[in-house]
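Open the model in your viewer and keep the selection tool ready. We will take it stop by stop.

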Amino acid sequence: MFRVCILAWSLLSTFVMLNSSDILIESFNQAGQGQVFQFFDELDAATQTKLVAQAETIDLAEVEGLVDEHVKGSQHQTLNLDGLEPAPYEALAANGGDSAQWSAAKDAGSAALRAGRVAAFTVAGGQGTRLGYDGPKGTYPVTPVTGKTLFQVFAEKIARSGERYGVTIPWFILTSEINNDATVAEFEAADFFGLSRESVHFIVQGLVPAVDNEGKILLAEKGKIAMTPDGHGGSLRALVRSGAVDAMKAQGIDIVSYFQVDNPIVQCIDPAFIGFHVLGQSELSSKMVPKAYALEKVGHFCVQNGSALVVEYSDMPDEMQEETKACGGIRFNGGSVAIHIFDRDFITRAGGSGQGSKLPFHRADKKIPHVNTTGEMIQPDAPNGVKFEMFVFDALPLAKNPVIIEAARADDFSPVKNAEGVDSPQSSKEDQLRMFARWLKAAGEDIQTDDSGLPMIKFEISPRFAVDEADFVAQWVTLDPKTEIKDGAVIQ
């Protein structure tokens with residue numbers, strides 16, 4: 001009798017699975033995407049199960065809307081630039097800003113930190129491919145002496161900031177399907193860089209299917225759909241869908257400090273920035289850095305019809321980027337460097353499913369390897385399909401009371417993007433050395449530098465010792481004996 005029951009349950013489970021699969025396949029047929037399952041009968045049971053599981057994650061209604069708008073609709077929509085003006089921002093006190101406002105902001109941000117209202121959020125879904133590195137970009141070594149990885153630098157900054165304000169600052173990290181396992185393994189091998197495991201939360205970035213130029217979902221293999229990351233803007237809905245926002249709410253966190261993984265000198269936790277956000281009752285605050293030159297490849301903070309927005313360099317004509325002010329200087333000078341602070345409830349709204357508040361998708365024409373209708377693997381040598389992605393800065397027009405403050409490039413932005421030249425490991429290491437030298441000089445130490453501020457020796461200040469100039473000066477005074485500043489020295 002017992003065996004009969006087991007057999008009956010097994011048969012019932014199989015029937016339910018098959019019935020569920022049949023319903024799913026029919027839904028794809030009805031949506032005009034039946035080609036996803038065209039090789040289904042050729043697949044073994046394990047591959048069939050994986051394909052069904054993958055297909056279940058696809059929102060067919062969303063795909064239909066994306067195809068209608070970005071594939072069947074106008075493919076080359078140009079941004080309307082009528083009435084576009086540079087966005088106002090709070091200038092640094094050193095550049096003419098109100099020093100009293102900066103002081104008040106720092107006090108307000110410090111209070112928010114002490115109250116445990118702040119979490120860090122790093123977008124880290126990329127690989128180090130452009131750097132010639134095989135692994136998650138966050139595991140790439142970046143510091144000039146010890147070669148600490150990006151993840152270790154951020155972990156130590158977050159730990160030090162928590163120490164300063166007497167709290168544990170939760171850290172949410174957006175990974176991707178490609179690098180999540182390797183990222184988690186890196187943290188586990190390093191014992192989470194000294195952070196408590198409970199304070200570090202990994203979230204996997206969402207995926208959307210790639211389509212051909214007719215809007216048909218492509219297959220990467222006979223039993224695998226061609227899926228692509230939904231862009232850094234997808235980080236907001238990943239926070240919502242993963243339950244991270246609910247976890248934040250339960251912990252009393254309502255301020256989220258957002259930064260991307262490739263920028264080792266970013267101030268992960270900046271009390272003044274947090275304070276401007278709090279005092280401005282803002283849903284989304286952003287840092288700008290003055291452009292290094294007119295045609296620098298960064299987005300531009302602008303206003304249009306009373307609404308703040310970011311206009312990408314690729315969407316702004318060169319002549320507009322090169323416009324100058326009557327008093328001299330670049331007119332559209334506010335460069336966007338992907339450093340933001342989000343209100344938690346705004347993330348819920350912008351990353352949720354409510355109408356009228358979601359971030360828009362953008363079209364990207366790409367070369368997408370795929371299996372054709374005869375089962376042949378195609379490696380295209382020209383763009384053959386469309387990927388859909390969201391940009392996080394598109395949240396700006398949706399936000400109430402957006403705040404933009406100026407940041408000093410030398411203290412907040414030196415990314416590691418390219419193997420050589422501008423924004424490379426070498427240029428970032430040199431910027432770190434310049435920053436360390438400035439901190440030492442601010443503390444009253446004499447250190448020889450060239451005209452660019454680059455010291456004659458290589459040394460390093462650990463983020464566990466200090467995270468900004470003011471922190472370093474205060475820490476250095478108490479250090480006894482003081483670290484000898486020589487080639488290869490590490491202050492920690």
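This is a predicted model: local features need pLDDT of at least 70, side-chain atom pairs count only at pLDDT 80 or more; totals for chains, interfaces and linings use all residues.

**Stop 1: helix 7.** Select residues 234–241. Is this helix enclosed or open? Of its 8 residues, 6 are buried, so helix 7 is largely enclosed by the rest of the structure. Colour the buried ones: Gly234, Ser235, Leu236, Arg237, Ala238 and Leu239. Now step just past the helix to Gly243, which has a positive phi of about 90°.

**Stop 2: charged pairs.** Side chains of opposite charge can pair when their charged atoms come close. The model holds 22 salt bridges. Start with Lys222 and Glu42, whose closest N and O atoms are 3.1 Å apart. Lys222 sits in the loop between strand 7 and strand 8, and Glu42 in the loop between helix 1 and helix 2, 180 residues apart. Lys222 is partly exposed at 31% relative accessibility. Glu42 is exposed, at 53%.

**Stop 3: helix 11.** Select Arg349 and Glu283, joined by a salt bridge of 3.0 Å, N to O. Arg349 belongs to helix 11 and Glu283 to the loop between helix 9 and strand 11, so the pair ties together parts 66 residues apart in sequence. Arg349 is partly exposed, at 31%. Glu283 is buried, with 11% relative accessibility.

Next, select Arg344 and Asp345, a salt bridge with its closest N and O atoms 3.1 Å apart. Arg344 is buried at 10%, while Asp345 is partly exposed at 45%.

**Stop 4: a network.** Finish by selecting Arg160, Glu163, Arg164, Arg464, Asp468 and Asp471 together. Salt bridges link these residues in a network.

Conventions. Residues are numbered from 1 along each chain as its sequence is written. Side-chain values use heavy atoms; hydrogens and water are left out. Buried means under 20% relative accessible area, exposed over 50%, partly exposed in between (1.4 Å probe, protein chains only). Helices (H or I, at least four residues) and strands (E, at least two) are DSSP runs, numbered from the N terminus. A salt bridge is a side-chain nitrogen of Lys or Arg within 4 Å of a carboxyl oxygen of Asp or Glu.
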